[in-house]
Amino acid sequence: MNKKSKVIVLPCNDYNEEKIYNLLKEGLNQLGGLETLINKEEKILLKPNLLKKAEVEKAVITHPVVVGAFARILREEGYQNIVLADSCGHGTTRQVIQGTGMDTYLEKYQIPAIDYTKGVHVDNPQGVQAKEFILPKELLEADCVVSLSKMKTHALERITGAVKNSYGFIYGKNKAIGHTRYPSADSFARMLIDLNQYVKPRLYIMDGITAMEGNGPGSGDPVAMNVILMSTDPVALDSVFARLVYLEPEMVPTNYHGEKMGLGNCQEKNIEIIKGSTISLKELVEQYGNPHFNVDRTKVRSNIWTRLAKALNIFQKKPYIEPDQCVRCGICVNSCPVPGKAVDFRNGKDKPPVYDYKKCIRCFCCQEMCPKKAIKVK
């Protein structure tokens with residue numbers, strides 16, 4: 001029988017620093033204490049979600065107060081060797097955090113934000129989907145990684161949470177290459193499971209006080225969810241997130257494959273939810289669930305017609321550009337990982353870019369990185 005995975009739920013309806021600091025301390029105690037998770041001599045790397053430069057209120061990045069409060073706890077508990085880094089979608093760690101307040105917290109607690117400098121090829125023979133990775137040298141030098149994710153929707157995987165946050169371990173442009181190597185939601189999810197099993201983050205914390213719904217993970221709308229979630233099991237954490245937004249956990253590829261591949265527990269019977277004391281998932285959803293949360297809940301059917309439609313590239317999700325919102329910055333073109341580009345300025349730079357859907361692999365990198373919310377998915 002599977003050992004139950006603990007998911008700590010910390011109700012919180014604003015970004016008050018003192019409140020979040022106390023809640024995180026309480027959550028860590030409920031997981032058995034910080035010292036049972038991380039040794040004081042270890043080199044620690046904090047990995048927030050730093051997708052791209054954005055105003056904190058837009059819920060694109062992990063809120064600086066959550067990162068700052070956790071950094072404060074580490075320092076007060078006597079942890080010395082700490083850095084913060086992410087392989088951002090656009091820009092470097094230092095560029096993305098500048099002016100957000102995260103930079104101020106890191107200075108206050110003397111934690112350097114580092115930009116990854118070199119990718120290192122590592123073999124992963126145990127991998128189901130990914131037999132190798134290109135990982136940052138600085139990540140490989142860390143003894144312990146703490147993932148600080150943001151609760152958001154995602155065009156390819158439905159949601160991005162604890163499991164998906166780990167894609168920021170892939171070095172630089174290899175993230176774009178990964179989308180071409182693992183183009184389907186399932187192959188991409190299996191690669192993410194392999195990646196989490198290789199890096200083995202010690203602790204996963206999710207900022208869901210203000211989440212992102214709709215056109216996530218970069219162009220959606222902020223929505224109050226009023227919780228911080230915490231676990232050592234990223235699949236269990238993401239499964240609780242899914243239930244809170246009325247999405248069947250098994251419909252999230254990273255949950256489905258995460259359980260099958262042994263990363264964590266997806267089924268309710270194998271998850272213990274603690275909100276002060278143990279609480280049932282039904283009670284939790286009644287108290288904190290949001291049935292109106294804008295997320296893709298359509299069932300995936302696999303029959304001869306859907307397979308034919310996929311082969312013919314019809315009736316599939318696809319990105320498209322709202323011409324009135326497009327500023328023709330070219331970020332979507334630059335972020336397209338497909339050789340020869342599936343989106344380009346073939347009609348000239350005075351007009352919005354145009355898609356070649358025969359080339360498009362539906363990775364939605366263009367939609368993730370658009371700074372003006374001009375790219376939607378239909």
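## Ser 147 in strand 6

Ser 147 lies in strand 6, which spans residues 144-154. The model is predicted. Ser 147 counts as buried because its relative accessibility is 1%, and the cut-off for buried is under 20%.

Asn 49 sits 98 residues from Ser 147 in sequence. In space, their C-alpha atoms are 8.4 Å apart.

Strand 10 (residues 271-275) pairs with strand 1 (residues 5-11). The pairing is parallel and runs over four bridges. Within it, Lys 6 has Glu 272 of strand 10 as its bridge partner.

Strand 10 also pairs with strand 11 (residues 277-279), here in the antiparallel sense over three bridges. Lys 275 stands opposite Ser 277 of strand 11. The two strands form a hairpin with one residue between them. Gly 276 in this hairpin adopts a positive phi near 80 degrees.

## Helix 10 against helix 11

Two packed helices are described by the angle between their axes and the distance between the axes. For helix 10 (residues 234-244) and helix 11 (residues 253-260), the angle is about 145 degrees and the axes are 9 Å apart. The crossing is left-handed.

Helix 10 brings Val 235, Asp 238, Ser 239 and Ala 242 to the contact. Helix 11 meets them with Thr 254, Asn 255, Gly 258 and Glu 259. By class, the residues of this contact are two nonpolar, four polar and two charged.

Definitions and conventions: Residues are numbered from 1 along each chain as its sequence is written. This is a predicted model: local features need pLDDT of at least 70, side-chain atom pairs count only at pLDDT 80 or more; totals for chains, interfaces and linings use all residues. Side-chain values use heavy atoms; hydrogens and water are left out. Buried means under 20% relative accessible area, exposed over 50%, partly exposed in between (1.4 Å probe, protein chains only). Two strands pair if DSSP finds at least two bridges between them. Axes are lines fitted to C-alpha atoms, for helices over the stretch in contact, and angles run from 0 to 180 degrees between N-to-C directions. A crossing is left-handed if the near helix is turned anticlockwise from the far one by less than a right angle, and right-handed if clockwise. Contact means heavy atoms within 4.5 Å. Ala, Val, Leu, Ile, Met, Phe, Trp, Tyr, Cys and Pro count as nonpolar, Asp, Glu, Lys and Arg as charged, and the others, Gly among them, as polar.
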